[in-house]
Amino acid sequence: MQTLGYAVFPTSIGHCGIAWSAAGLTGVQLPEQDQAATRARMAMRFPLCAESDPPPTVRQAINAVVALLQGTPREPMDLSDIVLDLDGIPPFHLRVYALTRRMAPGQTTTYGEMARELGEPGAARAVGQALGANPFAPVIPCHRILAADGRSGGFSAHGGASTKLRLLEIERAQFGGRGLFD
């Protein structure tokens, strides 16, 4: 995957980053502590390209991410149709990411349930590791995967579990038939 450029853009939870190639997005970055830190993270992740104006398809992806993170009273944004450049992603991670992308906004599951659905019931930790390496959050919505005991589980974005819970709150997530925040 040859990244052609990246951009930093404002959302309701802070400045996110997005990078692209000719084939699709090569990375999405949830906010760091401030705009400068997000910009520095993008420059570190994509050192062979420069910040630039995104092409129209990337601009559409940005608009979709902004809408998801803003939340709407009736219908959170679904990002499953955004094209990703998955070149170089390990096969197991691809399977985890494909399953994760099929989850609707507000839907949750656990690492163990996801491992069972992949046909690998003992692979809950491997699922967690794949999601921890997710280069496309929130387009691949790893925040929707929870620990078995109903807790948030890990989250590698800035802010950790509190950021994960904030994303789930924006989506009005359901767990066990009830809202997580009811």
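This briefing covers the sheet, selected helices, the cysteines and some local backbone features of the structure above. The model is predicted. Three strands form an open antiparallel sheet in the order β1-β2-β3, and helix α2 (residues 56–70) lies across β1, β2 and β3. A search of the whole structure finds 0 disulfides. A cis peptide bond joins Ala137 and Pro138, and Arg172 has a positive phi.

**The sheet**

- The sheet is open, with 3 strands in the order β1-β2-β3 and antiparallel pairing.
- β1 (5–11) and β3 (25–29) are the edge strands; each has a single partner strand, so one side of each has no neighbour in the sheet.
- From one strand to the next, the twist averages 20°.
- Strand β2 (residues 14–20) pairs with β1 over 7 bridges, in the antiparallel sense.
- Within that pairing, Val8 has Gly17 in β2 as its bridge partner.
- β2 is mostly covered, with 5 of its 7 residues buried.

**Helix α2 and its end at Gln70**

- Helix α2 (residues 56–70) runs at about 30° to β1 while lying across β1, β2 and β3.
- Gln70 belongs to helix α2 and is exposed, with a relative accessible area of 56%.
- Which residues does Gln70 contact, leaving aside neighbours within four places in sequence? They are Ser12 and Ile170.
- Gln70 and Glu171 are 101 residues apart in sequence, yet their C-alpha atoms are 9.2 Å apart in space.

**Helix α5**

- The buried residues of helix α5 (residues 124–132) are Val127, Ala130 and Leu131.
- Why do the buried residues of α5 line one face of the helix? Seen down the axis of α5, they fall within an arc of 95°, so they line one face.

**Thr110**

- Thr110 is found in strand β4 (residues 109–110).
- Is Thr110 buried or exposed? Its relative accessibility is 6%, and because buried means under 20%, Thr110 counts as buried.
- A polar atom of the Thr110 side chain lies 3.0 Å from the backbone nitrogen of Glu113.

**Cysteines**

- How many disulfides does a search of the whole structure find? The search finds 0.
- For Cys16, the closest cysteine sulfur is that of Cys142, and because the separation is 12 Å, the two are too far apart for a bond.
- Cys49 is in no disulfide either; its nearest cysteine sulfur is that of Cys16, 17 Å away.
- Cys16 is buried, at 0% relative accessible area.
- Cys49 also counts as buried, at 15% relative accessibility.

**Backbone exceptions**

- The peptide bond between Ala137 and Pro138 is cis, with omega about 5°.
- Where does Pro138 lie? Pro138 is in the loop between α5 and β5.
- Arg172, a residue other than glycine, has a positive phi near 55°.
- Arg172 lies in the loop between α6 (160–170) and β6 (174–175).
- With a relative accessible area of 34%, Arg172 is partly exposed.

Terms used
Residues numbered from 1 in each chain as written. Predicted model: local features only at pLDDT ≥ 70, side-chain atom pairs only at ≥ 80, totals over all residues. Heavy atoms only, no water. Helix = DSSP H or I, 4+ residues; strand = E, 2+ residues; numbered from the N terminus. Buried < 20%, exposed > 50% of the residue type's maximum accessible area, 1.4 Å probe, protein only. Polar contact = N/O pair within 3.5 Å; in protein donor to acceptor, adjacent residues only side chain to side chain. Arc of directions from axis to C-beta. Disulfide = S-S within 2.5 Å. Pairing = 2+ DSSP bridges. Axes fitted to C-alpha atoms, helices over the stretch in contact; angles between N-to-C directions. Contact = heavy atoms within 4.5 Å.
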